[in-house]
Amino acid sequence: QAPLSSSAQRAAMVYSLLHIALGAAAVGVVSSARAGNIGAPTGGRLSIVVDAGSSGTRGYLFRLPSCEARVQVDYLGDGPSLSNFSHRPERAKEAVEPQLELATTLVAPSDWASLTTSVFGTAGMRLTPLSTQKAIYDGIRRGALGLGALQARTISGREEGIFALISVNYLARRLRPSLRAASESLMGVLDLGGSSVQVVVPPVVRVGERLPPKLGRQHTVVRSLAGLGMDRMRQRTYRWLLGRAEPGQRSIPNPCAFSGDPSDEWHGTGNATACEAAIRDVFAAECVDGRGVDASGRRPSASECLGVEPVPVPFGLLGAARFFLVSNFVTVILFGSWVLERGLGPQALGLDQGLPGTVTIHELRAAAEAVCATPWASLRSARDPKAGHSLTPPEEVPHRCFELSYVVALLAGVLGFNEAA
């Protein structure tokens with residue numbers, strides 16, 4: 001089970017999780033970014049963290065306390081993805097320059113020398129050749145504006161997962177700024193990005209115990225699944241569907257697109273069950289010599305294809321939510337809930353008021369079936385920048401049927417979660 005927030009607080013909480021999932025890891029982390037060497041803040045300080053994700057860069061200015069006061073955060077804005085500069089690395093500073101310039105207006109010049117700045121590339125950069133990464137980071141260093149110490153590098157999938165674990169438990173008040181546990185149990189993290197998926201199972205801790213000594217592999221499980229991000233899997237699935245077209249066939253049925261969604265290559269049928277099956281077929285076809293079945297004719301499961309063992313469940317009360325869904329998991333699910341609440345399409349049994357605060361895979365699958373069956377014409381309000389869902393821009397609406405179906409396929413078929421729990 002994974003929690004969203006209550007209806008009244010949901011949008012604000014999601015916004016925080018969406019934009020601070022990596023950045024809030026600056027709490028006691030910036031000075032020693034490698035997981036396992038994370039230390040608690042020794043005094044109040046200022047730090048800039050730029051989360052350079054596959055879909056764009058987002059900058060934050062953190063005022064880190066010297067006591068147990070709450071961390072203060074200023075959002076510095078966003079910019080293009082660093083991987084966009086692969087063919088012009090000398091201009092990579094353009095991705096972060098406006099954010100750093102804004103920081104200079106928020107920090108007294110006398111504090112610039114002590115300011116630390118970290119630009120962390122994630123999955124999109126991990127898929128970029130090392131020589132190109134170096135050229136991009138060199139381009140960033142040339143535009144750093146002299147704001148104190150600067151590190152610009154690509155973090156590992158494990159580091160990204162550790163940062164997410166720290167940030168969401170801090171936001172949920174289960175972890176103090178000193179990185180001491182404020183709760184008897186920490187929450188796990190499921191983070192769906194554009195290029196990769198991070199799964200983090202926290203260690204068992206006691207109230208008041210420091211977290212850093214338990215962030216090693218012996219105590220904290222982190223799984224970083226490269227290539228399974230939402231955008232990359234949509235592209236792979238659509239290529240697979242188009243590849244099944246008969247010679248001369250001008251338009252193929254696409255169950256992952258809304259019925260009536262205009263496209264030159266397919267016609268949407270809005271069938272979440274068939275879409276989920278197609279996603280699983282993509283996994284099977286890619287792992288068994290392209291045939292989709294093994295030597296005995298058996299179709300392997302997605303988790304078998306990817307070599308992913310079922311995710312262990314974090315310690316906590318029986319029946320309580322154990323994982324926070326962050327990033328794309330949340331924006332996609334909240335869009336589905338928004339459609340259900342407004343009755344734009346068929347109703348899912350028991351979900352006419354939207355998805356509950358703690359959601360199961362069974363409920364997500366029912367929501368996906370109802371949302372995907374919504375005619376494209378009925379989603380006119382969703383495509384209106386003023387009337388649509390605040391976390392789904394108009395250009396993202398056509399993808400939401402696939403994305404809801406993919407969330408279900410990922411949680412149940414790849415990560416092996418109990419569908420009723």
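**Exercise 1. The disulfides**

Is Cys-256 buried or exposed, and what is its relative accessible area? Work out the answer, then describe the disulfides of the protein.

*Solution.* Before starting, note that this is a predicted model in which local features need pLDDT of at least 70, side-chain atom pairs count only at pLDDT 80 or more, and totals for chains, interfaces and linings use all residues. Residues are numbered from 1 along each chain as its sequence is written, and side-chain values use heavy atoms, with hydrogens and water left out.

Step 1. Buried means under 20% relative accessible area, exposed over 50%, and partly exposed in between, with a 1.4 Å probe and protein chains only. Cys-256 has a relative accessible area of 0% and is therefore buried.

Step 2. A disulfide is a pair of cysteine sulfur atoms within 2.5 Å, and by this rule the count comes to 2 disulfides.

Step 3. One of them joins Cys-256 to Cys-275, with an S to S distance of 2.1 Å, and with 105° about the S-S bond this link is right-handed. Cys-256 lies in the loop between β10 (252-254) and β11 (266-268), whereas Cys-275 lies in helix α7, so the pair ties together parts that are 19 residues apart in sequence. Helices (H or I, at least four residues) and strands (E, at least two) are DSSP runs, numbered from the N terminus. Cys-275 also counts as buried, at 0% relative accessibility.

Step 4. Another disulfide joins Cys-372 to Cys-401, again with S to S 2.1 Å. Its torsion about the S-S bond is about 110°, so the disulfide of Cys-372 and Cys-401 is right-handed. Because Cys-372 lies in helix α10 (residues 361-372) and Cys-401 in helix α11 (residues 400-414), the pair ties together parts that are 29 residues apart in sequence. Cys-372 is buried at 0% relative accessibility, and Cys-401 is buried with a relative accessible area of 0%.

**Exercise 2. Strand β3 and its partners**

*Solution.* Step 1. Two strands pair if DSSP finds at least two bridges between them. Strand β2 (residues 45-53) runs antiparallel to β3 and is joined to it by 9 bridges, and the two strands form a hairpin with 2 residues between them. Within this pairing, Arg-45 stands opposite Leu-64 in β3.

Step 1. β3 and β4 also run antiparallel, here with 7 bridges, and Tyr-60 has Tyr-75 in β4 as its bridge partner.

Step 2. β3 is mostly covered, since 8 of its 9 residues are buried.

Step 3. A salt bridge is a side-chain nitrogen of Lys or Arg within 4 Å of a carboxyl oxygen of Asp or Glu. Asp-74 forms such a bridge with Arg-63, their closest N and O atoms being 3.4 Å apart. Asp-74 counts as partly exposed at 26% relative accessibility, and Arg-63 counts as partly exposed at 27%.

**Exercise 3. Salt bridges within helices**

How many salt bridges are there by this rule? Describe those that lie within helices α4 and α7.

*Solution.* Step 1. The count comes to 16 salt bridges.

Step 1. In helix α4 (residues 130-141), Asp-138 and Arg-141 are 3 residues apart, about one turn of the helix, and their side chains meet in a salt bridge at 3.0 Å, N to O. Asp-138 is partly exposed, with a relative accessible area of 24%, and Arg-141 is partly exposed at 40%.

Step 2. In helix α7 (residues 272-287), Glu-276 and Arg-280 are 4 residues apart, about one turn of the helix, and the closest N and O atoms of their salt bridge are 2.8 Å apart. Glu-276 is buried, with a relative accessible area of 8%, whereas Arg-280 is partly exposed at 32%.

Step 3. Elsewhere, salt bridges that share partners join Asp-231, Arg-234, Arg-400 and Glu-403 into one network.

**Exercise 4. The whole protein**

What share of the residues count as buried?

*Solution.* Step 1. Of the 421 residues, 54% count as buried, and the protein has 11 helices and 13 strands.

Step 1. With a contact taken as heavy atoms within 4.5 Å, 67% of the contacts between residues at least 6 apart in sequence join residues at least 24 apart.
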